[in-house]
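This report concerns helix packing and a few individual residues. Please keep the sequence and the structure at hand while reading.

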Amino acid sequence: MNRQLSGENATFMDRVKAAVNSFGLPRLIIACFLLLLFIAAPFVGADFATQITNTVNRFSWNAVLVLAMVPMIHSGCGLNFGLPLGIISGLLGATLSIEFGFTGPVSFVMAIVIATPFALILGAGYGWLLNKIKGGEMMIATYVGFSSVSFMCMMWLLLPYKSPTMVWGFSGKGLRTTISLEGFYDKVLANFLQINIGNLSIPTGTLLFFALLAFLMWAFLHTKTGTAMTAVGSNPTFAKAAGVNVNKMRLLSVVMSTWLAAVGILVYEQGFGFIQIYTAPFYMALPAVSAILIGGASVNKASIANVIIGTFLFQGIVTMTPTVMNSMIHMDMSEVIRIIISNGMILYALTRKTEGSK
């Protein structure tokens, strides 16, 4: 009898260890810490429903930007630190949509339409560059991202925008640092089929939009082209021997990632309610990279589950920690705590970039 119980206990422990190893011990620790913050929130005076709302909102704003990492990881181009290129495409689409006079939900659709050719052109150029420097993609991508943002800081002042909603009032030239989306596509997705229960608010439309893009990405990765792209990332020599055009697959993945980043920043803006330009896109790649790594991706393997888990954990910690800590110490240190936590999470994720789910 004792032997049987010992055997059952051993089997149970083996299953627990296997489950922990499958999910990943670091992710389990972060998930437990986030759960602890949710439990502690009501006891320190923070409204639980409001905290759930804030976490889900931030997840919905950032999920598409994290999803943009998946194509390049699958093709072996690594983590997309050049995400600002796609973000700039989205910002061009957003500002031109307003400049051309589109309003309401139509302005969001037109922003995507206008951003698409910019994303395709910039993504193609970016992909061509990455094909020239195989092996150093992530380092070069960082410089591409930073330099493109710096270049656009000049262009936002020089481009001939005329819309009074966007240009500086005192000179009539150059775009403002922050542009309100009121009257345009502010909350256009978040308010669609929104669920409100007391202080709890679920942005159903934004979540459904992300779900649609995630499903399309999952479906693409299971097509013949998607399988070829994955093969290039796993073993480019074997893929080449099998007749796959390695450079073409890598280029396609970069274009897809750039377009998703363009759409992602538009989704972020509609939830946030403002367009932020100039230096705002500088470091937006780092939270997206960190989120997918925390979710269990590696530099050559990523899944939709990694995107969802990583984005929720990262944004949940960044959202909940300052709120709970402020309520505990009764001091407004939210921005300081948010910077410490977010940069700490980024540092942690980047030091584990070679790890991934088995």
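Predicted model: local features only at pLDDT ≥ 70, side-chain atom pairs only at ≥ 80, totals over all residues.

**Packing around α6**

Helix α6 spans residues 104–132, and helix α7 spans residues 137–158. Their axes are 10 Å apart and the helices pack at an angle of about 140°. The crossing of α6 and α7 is right-handed. On the α6 side the contact is made by Tyr126, Leu129 and Leu130, and on the α7 side by Glu137, Ile140, Ala141 and Val144. By class, these contact residues are 6 nonpolar, no polar and 1 charged.

Helix α5, residues 83–99, also packs against α6, with axes that come within 7 Å and cross at roughly 145°. The crossing of α5 and α6 is again right-handed. From α5, the contact residues are Leu85, Ser89, Gly90, Leu92, Gly93, Ala94, Leu96 and Ser97. From α6, they are Ser107, Met110, Ala111, Ile114, Ala115, Phe118, Ala119, Leu122 and Tyr126. This contact of α5 with α6 divides into 12 nonpolar residues, 5 polar and no charged. Tyr126 is listed in the contact of α6 with α7 and also in the contact of α5 with α6.

The spacing of such contact residues can be read against a general rule. An α-helix has 3.6 residues a turn, so residues three or four places apart point the same way.

Glu137 is placed in helix α7. Is Glu137 buried or exposed? Glu137 counts as buried because its relative accessibility is 8%, under the 20% cut-off. Apart from residues up to four places away in sequence, Glu137 touches Gly76, Cys77, Leu130 and Arg250. The C-alpha atoms of Glu137 and Leu79 are 8.3 Å apart in space, while the two residues are 58 residues apart in sequence.

Asn62 belongs to helix α3, residues 48–67. With 10% relative accessibility, Asn62 counts as buried too. Beyond its neighbours within four places in sequence, Asn62 is in contact with Tyr268, Thr311 and Gln315.

**Helix α11 and its ends**

Helix α11 runs over residues 246–272 and has 27 residues. From its first C-alpha to its last, α11 reaches 39 Å, close to the 39 Å expected at 1.5 Å a residue. The helix is mostly covered, with 21 of its 27 residues buried. Just after α11, Gly273 has a positive phi of about 95°.

**Positive phi in loops**

Tyr278 lies in the loop between β4 (274–276) and α12 (285–294).

Key: Residues numbered from 1 in each chain as written. Heavy atoms only, no water. Axes fitted to C-alpha atoms, helices over the stretch in contact; angles between N-to-C directions. Helix = DSSP H or I, 4+ residues; strand = E, 2+ residues; numbered from the N terminus. Left-handed = near helix turned anticlockwise from the far one by under 90°. Contact = heavy atoms within 4.5 Å. Nonpolar A, V, L, I, M, F, W, Y, C, P; charged D, E, K, R; others polar. Buried < 20%, exposed > 50% of the residue type's maximum accessible area, 1.4 Å probe, protein only. Expected span 1.5 Å × (residues − 1).
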